[in-house]
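Colleague: I'd like to learn how to read a model like this one. Can we go through it together, feature by feature?

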Amino acid sequence: MQSNHGPVDKPFDLCERTFGFALSVVKLCQRIDGQRSNAAWTLSKQILRSATSVGANVEEAQGAQSRADFVSKYCIARKELRETGYWLRLRLASGIIQAGDGKALLSETEELLRILTAIIKKVRCE
């Protein structure tokens, strides 16, 4: 999510932002797939599943049938983000991914967690 012109403006739209996050994880996994190790392949499957689920649940929430359904979808997205953070930390600690790639994605994971948590709290209190 970096450009050649300095920091990238992150999308304001949460659906676009979570899509971009998932796309970044997909691209990272594509680069790592060449390692051909069982550990890298297994972890790629795990992180792809959790990272792509985040955006899918945020998208589903846009068509929620009720406030409770909306909150439920966002809570699932938040849980998937936490799992993605775990897999990212594990990949960083094991050396499967480089610090630059992993730390940028971990930072985005943490920012998205804060955003989802704030939305969930706000909707629950309305």
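Predicted model: local features only at pLDDT ≥ 70, side-chain atom pairs only at ≥ 80, totals over all residues.

Colleague: What is the mean pLDDT of the chain?

Modeller: pLDDT is the predictor's confidence in each residue, from 0 to 100. The chain has a mean of 88, and 89% of its residues reach 70 or more. Residues 1-8 are a stretch to read with that in mind: pLDDT stays under 50 there, and the model has six contacts beyond four places in sequence for them.

Colleague: And which elements does the chain have, from the N terminus on?

Modeller: Helices (H or I, at least four residues) and strands (E, at least two) are DSSP runs, numbered from the N terminus. This chain has four helices and two strands, in the order β-β-α-α-α-α. As for contacts between residues at least 6 apart in sequence, 71% join residues at least 24 apart.

Colleague: Back to I32, then. Is I32 buried or exposed?

Modeller: Buried means under 20% relative accessible area, exposed means over 50%, and partly exposed is in between (1.4 Å probe, protein chains only). I32, which is found in helix α1, has 6% relative accessibility and so counts as buried. Across the chain, buried residues make up 38% of the 126 residues. Also look at I32 and I96: they are 64 residues apart in sequence and 7.6 Å apart in space, C-alpha to C-alpha.

Colleague: R91 was on the I32 list. What is the relative accessible area of R91?

Modeller: R91 has a relative accessible area of 0%, so this residue is buried. R91 is found in helix α3 and touches L28, C29, I32, A40, L43, S44, I47, I96 and I97, again not counting residues up to four places away in sequence.

Colleague: What about A22: which residues is A22 in contact with, leaving aside neighbours within four places in sequence?

Modeller: A22 is in contact with A51 and T52. A22 is in helix α1 and, at 11% relative accessibility, counts as buried.

Colleague: Now helix pairs. At roughly what angle do the axes of α3 and α4 cross?

Modeller: Axes are lines fitted to C-alpha atoms, for helices over the stretch in contact, and angles run from 0 to 180 degrees between N-to-C directions. The axes of α3 (residues 67-94) and α4 (residues 99-125) come within 9 Å and cross at roughly 160°. Angles under 35 degrees count as roughly parallel, over 145 as roughly antiparallel, 65 to 115 as roughly perpendicular and the rest as oblique. That is why α3 and α4 are called roughly antiparallel.

Colleague: And where does α1 (residues 14-32) stand relative to α4?

Modeller: Their axes come within 11 Å and cross at roughly 155°, so α1 and α4 are roughly antiparallel too. Among the residues that meet are F21 and L28 in α1, and L112 and I115 in α4.

Colleague: Which residues in α1 meet α3?

Modeller: L14, F21, L28, C29 and I32 in α1 meet Y74, L81, T84 and R91 in α3. The axes of α1 and α3 come within 13 Å and cross at roughly 30°, so these two are roughly parallel.

Conventions
Residues numbered from 1 in each chain as written. Heavy atoms only, no water. Contact = heavy atoms within 4.5 Å.
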